[in-house]
Each structure stands twice: as C-alpha cells, then as structure tokens.
Amino acid sequence: MALNIVFIAFFVIAFIIALIKFFVDGDTTIFKTLVDGIFDSAKSSVVDVAFSLIGTMVFFLGLMNIAEKAGAINWLARKLNPLMKRLFPEVPDGHPVMGEMVMNFSANILGLDNAATPFGLKSMQSLENINPNKGTASNAQIMFLVLHTSGLTLIPLSIFTYRISVGSTDATSVFIPCVLGTLITTLASIIVVGIKQKLKWDAVLLAWIIGLIALVGVLMIGVSYMSAATKTTFSTISGNLILLIIIIAIIAGGAYKKVSVFDAFIEGAKEGFNVVLKIIPYLVGMLVAIRVFRDSGALGYIVDGISYLVHASGLNTDFVPALPTAIMRPFSGSGARGMMIDAMKTYGPDSFIGKLSCTFQGTTDTTFYILALYFGSVGIKKVRYAVWAGLFADIIGVIAAIIIAYIFFK
C-alpha cells in the first residue's frame, strides 16, 4: 500500500505541477520534458541498472553457493548469532541467512556496492523462504532492508574520487563526518525498527552495539592521523584487498572441503539472471516515477519550502544550498550524486556547502530504489511500515549530518 501511494503520488503531483507551469508560466516544453524523461528512465532502468547487475549477480551468487556448500555461511552465522538473533528474533538460530546478511553488511561497510547487491538479494530471498506470509514483508525483512537503506559505509571511496575530480585540495576531509553520519543513521534504523518490533534490548545487544561503535571510533581515529594521500591509498587498497581475500578464501575453502567448486559456482550463478529478470518491472516502475517527479520540479519546490521555513524560524541557513543532495538521496543515487557534484562546482569542493553535500551523500542511501529492488526481487507487495521507518531514519541521518558539518567545518 505504501509503495502504491508513493507511485501514484509521484505521477499525480508531477502532472499537476506541469499543468501549472504550462497555463501559468507558459512553459511549452514541460510536457515534452516529462515524456522524454519517462522514455529515457525506462530505458536506463533496464540497460544501465538491471542489465549492469547481471554479470555481478551471476558471479557473486556463484561464490555464495560455493561458500554455502563449504559451510562458510553457516560458520559465519554461528559466530555472529548472539547479535543477529537479537536483531532478527524471528529467524531460527544459526540459519544460513544470518551469514548471508553479514556478507551483505560487510560489503556495504567496505563501500563495495557491486558485491553488496547480490549478497543482499540472496539474503532477501532466504528471508522470504522462511516468511510465513508470502508477499507481505516480515519483521526480519523490514529490519534487514531498513538497515541496508541506512548505507553504513566506513570507506566512502567514491566520494573521495568525486572530490578529487572537481579540484579538492583536501578530498578526505569528509571521511570522519561521513562515517559518523552513516553510523548515526544505522543506529537510528535499529532503534526505530527495534521499537516498532519490540526487540529485547538486553546487555548482549547493547554490548555489541557499543563494541561496534568503539571499533569504528578506533578506526576513525587511526585514519584521522594519516595524510590525505595515505587515506586515499588506504581506502583504495583496504576495501578491494579485503574483497579479493574473501573471494580467494571462498574458493580455497570450497576446495579444502572437497566441494566441486566450479560446478557449485555454475549452480549458484544460474540464479543471477533469473533474479535480474524478476526485478526489472519493479525497477522500471519506481525509477520512472522518481524521474517524472524530479523533472517536474517538485523536488525544487520542496527545497524552496524548507528554505523558507528555515529562514522564517530564524535559524542559521548556511546549510540550505546543500539540501538538494539530501532530498534527492532517498530517491536516486545518480541524481543525488549529480546534486553533490553541482554543489561542489558551484560553491567549491572545500567550501562548507561542498563538504556538507558530500556528508549528505555518505550518510544515507537510496531508500526507494532499495525498496523496489529488494522487495521486488521476492515479490513483496505489502511493505507494511518499511517506507516510513526507512525515511524516518534518513531524516535523523540528515539532521545529524548538518550538526556534524557545523562541528567539523564551521
């Protein structure tokens, strides 16, 4: 119901705005802009998004099958079961999906989006297999999805790269703010969904959360003492090296356990193409709706409205020019990236606005895209409270990013 309302609202609002622009402003190109956007987005949803996933899906689902047959997924699930069973109490103890979700979170943390998506889709399918109400999102699926939309990333390598490309002389200055922002968003996700699901907040869960925060803190302190060049080198090497080690370890572990490694790879890889075919309708529908909403100018009006309210409240408004990145982020990763780059080019990559835009980009993830992708892959039609929980965590993350930016950059 929530996605249905959002889908309809995007088109209706866009059409109303287009009519106003045509009759009031005399904009004779607005309808063409919207229609061109529909065709372009429909094409890019398939060609640039869905088809680009096929190779990655095939490869990593093949690896997942090797890891599962070798017992690595079960081993990982057992090791992290004390934490995972408290976040996902409906999942049976030691179930392989616990390990699959850890693989997804690990890839996200390292900033390896291409690897994270196949792991995440595999996890969602496993959660659907144990879902007693097929087609309706379970508590475990909602917790997993909202955690994923929080975008926890400890190595925001792509943001460093974009900052360098527009001439930043201090590209990694946003490293700690981005990590702090995404960590707060992730904690907000756990708290928001945890309260709704009435999780048991016992000493074990709190100890895990505090321990993870401490680990992140130690990492950030260590990286903060590195030079800019060393930070970039560290980010580039660490993430890719760890992923390569995981790939080699899975293959070597399969061979050690006497698994027919290549046959297991092919067996798992075959699922990749079918998964991509299944998600295409969901991707096309949501991404086209987002494009129409954006091209109509609706997002611009939202930014203007927030700016007006901030001005009227008497608060400091220095952060307002960076808001387009934050507002676009839940809807479109590429759109938010474009807003971030535009802000850096307009105000300077090392300006307050440039750095805040980067912090916004690193604090949250593309909530609606992830909803369509992950729930669409398993045919979830009733998403329950997943939309508002994800967006509420995003809002907390955005507010946190503004506060963090004022502390670090003002």
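Helix α10 supplies 7 residues to the lining of the second largest pocket, the largest share of that lining. Welcome to a short tour of this structure, which is a predicted model.

- The space in the second largest pocket comes to about 1,100 Å³.
- Its lining is made of 42 residues, and those closest to the centre are Leu80, Val102, Phe105, Ser106 and Ile109.
- Several helices supply at least two lining residues each, among them α2 (30-70), α5 (96-109), α9 (175-197) and α11 (228-256).

- Asp40 and Arg291 form a salt bridge through their side chains, with N and O 2.8 Å apart.
- This pair links distant parts of the chain, since Asp40 sits in helix α2 and Arg291 in helix α12 (residues 261-295), 251 residues apart.
- Arg291 also meets the side chain of Asp295 in a salt bridge, again with an N to O distance of 2.8 Å.
- Arg291 and Asp295 are 4 residues apart in helix α12, so about one helical turn separates them.
- Through shared partners, the salt bridges join Asp40, Arg291 and Asp295 into one network.
- Asp40 is partly exposed, with a relative accessible area of 38%, and Asp295 is partly exposed too, at 21%.

**A salt bridge between Arg86 and Asp202**

- The closest N and O atoms of the salt bridge between Arg86 and Asp202 are 2.7 Å apart.
- Arg86 belongs to helix α4 and Asp202 to the loop between α9 and α10, so their pairing ties together parts that lie 116 residues apart in sequence.
- Arg86 counts as buried because its relative accessible area of 18% falls under the 20% cut-off.
- Asp202 is buried as well, at 16% relative accessibility.

- You can find Thr325 in helix α14 (residues 323-328).
- Leaving aside residues up to four places away in sequence, Thr325 touches Ala336, Met339, Met340, Ser357, Phe360 and Gln361.
- One of these neighbours, Met340, has its backbone nitrogen reached by the side chain of Thr325 at 3.4 Å.

Notes
Residues are numbered from 1 along each chain as its sequence is written. This is a predicted model: local features need pLDDT of at least 70, side-chain atom pairs count only at pLDDT 80 or more; totals for chains, interfaces and linings use all residues. Side-chain values use heavy atoms; hydrogens and water are left out. A polar contact is a pair of N or O atoms within 3.5 Å; within protein, one must be able to donate a hydrogen and the other to accept it, and residues adjacent in sequence count only if both atoms are side-chain atoms. Contact means heavy atoms within 4.5 Å. On a 1 Å grid over the protein atoms alone, a cavity is a set of points where a 1.4 Å probe fits but cannot get out, and a pocket is an open set with protein on both sides within 12 Å along at least five of seven lines; lining residues have an atom within 4 Å of a point. Grid points are joined across faces, edges and corners, and a volume is the space filled by probe spheres set on the points. A salt bridge is a side-chain nitrogen of Lys or Arg within 4 Å of a carboxyl oxygen of Asp or Glu. Buried means under 20% relative accessible area, exposed over 50%, partly exposed in between (1.4 Å probe, protein chains only).
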